[in-house]
Amino acid sequence: MAKERDDILVVGEVVEVFPNALFKIQIDEQHHVLAVPAGRLRLSNIRLVAGDKVRVALSPYDLTRGRITWRINEGRGPR
């Protein structure tokens, strides 16, 4: 049985790409979050670059770190 999560889902934009699959996500004008891609994104080999819109799951315990769960495709073709 899967463990129920109390994650906070937010949408943001990738601002900076760091080594080891770490990304700086801008949530709004003032808040930035460090996030790593979730397992499905890594297994599917989804590429993330600066400027991509993403959906981030934040833990209620630490709102400065998160997991990227989805890359939002804004009418662009495949990369």
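The model is predicted, so local features need pLDDT of at least 70 and side-chain atom pairs count only at pLDDT 80 or more, while totals for chains, interfaces and linings use all residues. Residues are numbered from 1 along each chain as its sequence is written, and side-chain values use heavy atoms, with hydrogens and water left out.

Confidence was examined by residue and by element. The protein averages a pLDDT of 88 (the predictor's confidence in each residue, from 0 to 100). A score of at least 70 is reached by 89% of the residues. Among the elements, strand β2 (residues 22-26) has the highest mean pLDDT, at 96. Helix α1 (residues 39-43) has the lowest, at 85.

The secondary structure comes to 1 helix and 5 strands. Helices (H or I, at least four residues) and strands (E, at least two) are DSSP runs, numbered from the N terminus. Along the sequence the pattern reads β-β-β-α-β-β. The 5 strands form a closed barrel in the order β1-β2-β3-β5-β4. Its pairing is mixed; two strands pair if DSSP finds at least two bridges between them. Neighbouring strands of this sheet are turned by 55° against each other on average, direction ignored. For such angles, axes are lines fitted to C-alpha atoms, for helices over the stretch in contact, and values run from 0 to 180 degrees between N-to-C directions.

Strand β1 (residues 8-18) pairs with β4 in the antiparallel sense over 6 bridges. Within this pair, Val11 stands opposite Arg55 in β4. Strand β1 is also joined to β2, by 5 bridges, and the two run antiparallel. Glu16 has Lys24 in β2 as its bridge partner. Val17 is partnered by Phe23 in β2. The hairpin of β1 and β2 has 3 residues between the strands. In this hairpin, Asn20 takes a positive phi near 60°.

Strand β2 continues the antiparallel pairing with strand β3 (residues 32-37), to which 4 bridges join it. Ile25 stands opposite Val33 in β3. These two strands form a hairpin with 5 residues between them. Strand β4 (residues 53-58) and strand β5 (residues 65-72) pair in the antiparallel sense over 6 bridges. Here Leu58 stands opposite Gly66 in β5.

The structure holds 2 salt bridges. A salt bridge is a side-chain nitrogen of Lys or Arg within 4 Å of a carboxyl oxygen of Asp or Glu. Side chains of opposite charge can pair when their charged atoms come close. The side chains of Asp7 and Arg67 meet at 2.8 Å, N to O. This pair links distant parts of the chain, with Asp7 in the segment before β1 and Arg67 in strand β5, 60 residues apart. Asp7 is partly exposed, at a relative accessible area of 28%. Arg67 is partly exposed too, at 29%. Burial classes follow relative accessible area: buried means under 20%, exposed over 50%, and partly exposed in between (1.4 Å probe, protein chains only).

Lys53 and Glu13 form a salt bridge at 3.9 Å, N to O. This pair also links distant parts of the chain, with Lys53 in strand β4 and Glu13 in strand β1, 40 residues apart. Lys53 is partly exposed, with a relative accessible area of 29%. For Glu13, also partly exposed, the value is 33%.

Of the 79 residues of the protein, 25% count as buried. Thr69 lies in strand β5. Leaving aside its neighbours within four places in sequence, Thr69 is in contact with Ala38, Arg40, Leu41, Arg55 and Ala57. Contact means heavy atoms within 4.5 Å. Of the contacts in the protein with a separation of 6 or more, 49% come from residues 24 or more positions apart.

The accessible surface of the protein comes to about 5,900 Å². Carbon and sulfur atoms account for 53% of this surface. Accessible areas come from the Shrake-Rupley method with a 1.4 Å probe; for residues, only the protein chains shown count as cover.
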